[in-house]
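Please look over the sequence and the model below before reading on. The paragraphs that follow go through it region by region.

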Amino acid sequence: MPSDTHPAENETTGADAKVADAPESWPVDRSEVRYRSARVTMRTDWVEMPGAGGVGTTVAGRDYMQHPGAAAVLALDDDGRVLLLRQYRHPARHTLWELPAGMIDVEGEGPLPTARRELVEEAGLRAERWYGLPDFFPSPGFSDERIHVFMARGLSEVPAEEIDFVREHEETDLAAEWVPLEDAVRLVMEGRLHNGPTVIGILAAHAASADGFASLRALPAG
């Protein structure tokens, strides 16, 4: 018999109800630290896995890096341009055009405060309005690192005397370019940009621009 009931407006149905990442943790038989530095730890966990054919369990070792996470900022000015910074990345042996970003490595600091700090330190900017873009695990088979991406609007320059950060090493010669959002999308699709937060941030911002960014989550200005 047909039902006269209808889902509530905010109720997720169909494929949307099934396709969503969710926290889960399988039992760990034992764990061993292989290496520890000031920022990351390499660990091996022996995890209880489903047995063949779903019968019983077996234990398998999984090596991974524990990481504090990071935050990235898509700074979009009043002319619809995205700020990109060029930085050398030694493990990749590339100079990459990236969004302002950094590790969440200050004690007690969350993703959004890190994003605000990095925008000042790397770009000398602050923002009046902040919005949430997608966060993601860049390499979940190898690391628990989670990168949070934000959009910053209503930008203004921070006076140099208010910036108590000294750039060094890879950050000493950051080159900056303001790129129209549409052009930034083209650079991504042509394979000219490779940094994960940059690619995700640009494509997410472009998708959100369809409704004038009205669907984005507004966050505290701080």
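Val82 has Val179 in strand 10 as its bridge partner, in what is a predicted model. Strand 5 and strand 10 run antiparallel and are joined by six bridges, and they belong to an open sheet of three strands whose order is 6-5-10, with antiparallel pairing. Strand 6 (94-98) and strand 10 (175-180) are the edge strands of this sheet, each of them pairing on one side only, and from one strand to the next the twist averages 30°.

Between strand 5 and strand 6 there is a loop that holds Arg93. The phi of Arg93 is near 55°, a positive value in a residue other than glycine. Most residues other than glycine have a negative phi. With a relative accessibility of 55%, Arg93 lies above the 50% cut-off and therefore counts as exposed. Phe213, found in the loop between helix 4 (196-208) and strand 11, likewise is not a glycine and yet has a positive phi, of about 70°. Phe213, however, is buried, because its relative accessible area of 16% falls under the 20% limit.

Helix 2 (residues 111-123) comprises 13 residues and reaches 17 Å from its first C-alpha to its last, which is close to the 18 Å expected at 1.5 Å a residue. Just after helix 2 comes Gly124, which takes a positive phi of about 65°.

Met65 is placed in strand 3 (residues 57-66), and it counts as buried because its relative accessibility is 16%, under the 20% limit. Leaving aside residues up to four places away in sequence, Met65 touches Val40, Thr41 and Met42 as well as Phe142, Ser143 and Asp144. Met65 and Tyr35 are 30 residues apart in sequence, while their C-alpha atoms are 9.3 Å apart in space.

What sits over the ring of Trp46? The charged end of Arg30 does, at 3.9 Å from the centre of that ring. As for aromatic pairs, which require ring centres within 6.5 Å of each other, the count comes to zero.

Methods
Residues numbered from 1 in each chain as written. Predicted model: local features only at pLDDT ≥ 70, side-chain atom pairs only at ≥ 80, totals over all residues. Heavy atoms only, no water. Phe/Tyr/Trp six-rings, centres within 6.5 Å; stacked < 30°, edge-to-face > 60°. Lys NZ or Arg CZ within 6 Å of the ring centre and 35° of its normal. Helix = DSSP H or I, 4+ residues; strand = E, 2+ residues; numbered from the N terminus. Expected span 1.5 Å × (residues − 1). Buried < 20%, exposed > 50% of the residue type's maximum accessible area, 1.4 Å probe, protein only. Contact = heavy atoms within 4.5 Å. Pairing = 2+ DSSP bridges. Axes fitted to C-alpha atoms, helices over the stretch in contact; angles between N-to-C directions.
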